[in-house]
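Look at how the parts of this model meet.

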Amino acid sequence: MERYIFYMVALIMIVSAIASVSSRKMLRSVIYLLFVLVSIAGIFFLIDYNFLAAVQLTVYAGGIIVLMIFSVLLVHHIEMRLEVAKVSKRILTAIACIIGIGVFVTTIYSYDFKVEGIATTTTTEDIGIGLLSFGEGGFILPFEVISVILLAAMIGAIVIAKGKRLEPNNDETL
Amino acid sequence: MNISLSITKNIHDWLLSIMPESAANIVEMVLIGLLYLAIFAILGLFLVLLERRIAAWFQLRIGPNRVGFHGLLQTMADALKLLSKELTGTTKADKFLYNLAPYFVIVSSLMALAVIPFTKEFHAFDINIGIFFLIAISSVGVIGILLGGWASNNKFALIGAMRSGVQTISYELSVALSLLTMIIITGSLQLSEIIEVQKSGWLIVQGHIPAIIAFMVFMISGTAESNRAPFDMVEAESELGAGFHTEYSGMKFAYFFLAEFINMFIIAAIAATVFFGGWLSPFGITESIPWLGVFWFLGKTFILVFLMMWFRWTFPRLRVDQLLTLEWKYLLPINLVNIIIMALIVWLNLTIQF
């Protein structure tokens, strides 16, 4: 049963990944990308990583894809189509992709995976304790560093969005 | 799958007796899916009727009262009419995305419905990240609205879709943060455990002042999240025609329409579960009869649904800038302070428990 679900999800993922890069309509590519991301969330659900799956849905499907759709909505008209790249570029990309796939496939097949009999769900409690513990296997330092980086990014976004302050007597100096 | 009422147990045994186990499992999944689809359709139709009757009551009219007993079959007749209508579309629309958009909206609200506990047993998907899953799913629904607005190739629809995106992204924060305030008390995201905690007092009583503030914030932002008046900038009739679904007709329009009402039900159901104890009876008066839980649950939910309809027919519509000011300058700071107060209260053991 689970095997069939895996194959179905994997098939959807591969087909929509190919469709995403080959479609000439911008918003359609974004939607195919959304299908890929949602399928990844499906695979996380399948292996009982519920928290990671929900994060995948919130961050990628709910956040990044919505932002992408927003930018497409703002800049792209429905009748426009994406340009087709030159032949030399396409060949170059194909070679790069094949090399990438080769590296991944050889790594996966040369590694000796251990099969776990029972799947155990990681609860949010475990994740929370893991993030905030400072002993062995705790992630308190990365967690704090990430929060500082996020704060810096937020302040940066506000500064950029505010722009230059308009001085009332700027006109007279011109 | 967590259903074990005596009826479902009988069906389970009967299925096992006539087919192998794996096939019986698949058949059960299909049956549960069909059951939820049926709940979806019936709830949607019933809520539309309720909305129209309540609107009529607020405006001193009678409302639909011709079809069936006191107009009970009115929305059924409307659905039949919508089914028989032609599905139109604009000539230069992106047909694929145009047809895909209603399904995003409907699938996301159907998935959210699966997590909600109707009673202790009637709970299709009791996942250990329950609340977080609901928040994650609700952020997918807006994609359908954005797509529908863009693919219609109509500027009013596009403006409606953009407004919807802005609104949903902003108010998602408040929904999540106000639920997070309650999670501090329960210490678990799983909906069945959240209800288990409330056996010693509903959370709105346990958390007293910050819980009431969180409830108010949740109802305001939940109304905004489901795009209902007074926050219905998405389909402001006086400005945008019908907003993002201007170009939709027939059943595709009905999908958007039904999903809006189901989203309202889901918001009310989450509020009933998290703040008012879900299927728990007040003071445990019917604890010996577990199946009565569904009546308590639906009763609480429909009171909250009535509250949302009351909002709709009482308040005037907000402007876009007022909408964003309300969220970013008032609700978000209130929420952040509220979380700190709640954490303090839980830390100092000031919660009220019976």
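Within chain B, 19 residues of domain 1 are in contact with 20 residues of domain 2. Contact here means that the C-beta atoms of two residues, placed from the backbone, lie within 7 Å. This is a predicted model: local features need pLDDT of at least 70, side-chain atom pairs count only at pLDDT 80 or more, and totals for chains, interfaces and linings use all residues. Residues are numbered from 1 along each chain as its sequence is written, while chains are lettered from A and ligands numbered from 1 in the order in which they are written.

On the domain 1 side of this contact in chain B, α2 (21-58) and α3 (74-84) each supply at least two residues. Helices are DSSP runs of H or I with at least four residues, strands are runs of E with at least two, and both are numbered from the N terminus. α2(B) gives the most, with eleven residues. By class, that side of domain 1 of chain B has 15 nonpolar, three polar and one charged residues. Ala, Val, Leu, Ile, Met, Phe, Trp, Tyr, Cys and Pro count as nonpolar; Asp, Glu, Lys and Arg count as charged; the others, Gly among them, are polar.

Domain 1 of chain B spans 1-84 and domain 2 spans 93-347. These bounds come from an automatic or database domain assignment. Taken over C-alpha atoms, the centres of the two domains of chain B are separated by 20 Å.

Now turn to the two chains. 23 residues of chain A are in contact with 25 residues of chain B. On the chain A side, α2 (26-46) and α3 (50-75) are the elements that give two or more residues. The largest share, twelve residues, comes from α3(A). The chain A side divides into 14 nonpolar, six polar and three charged residues.
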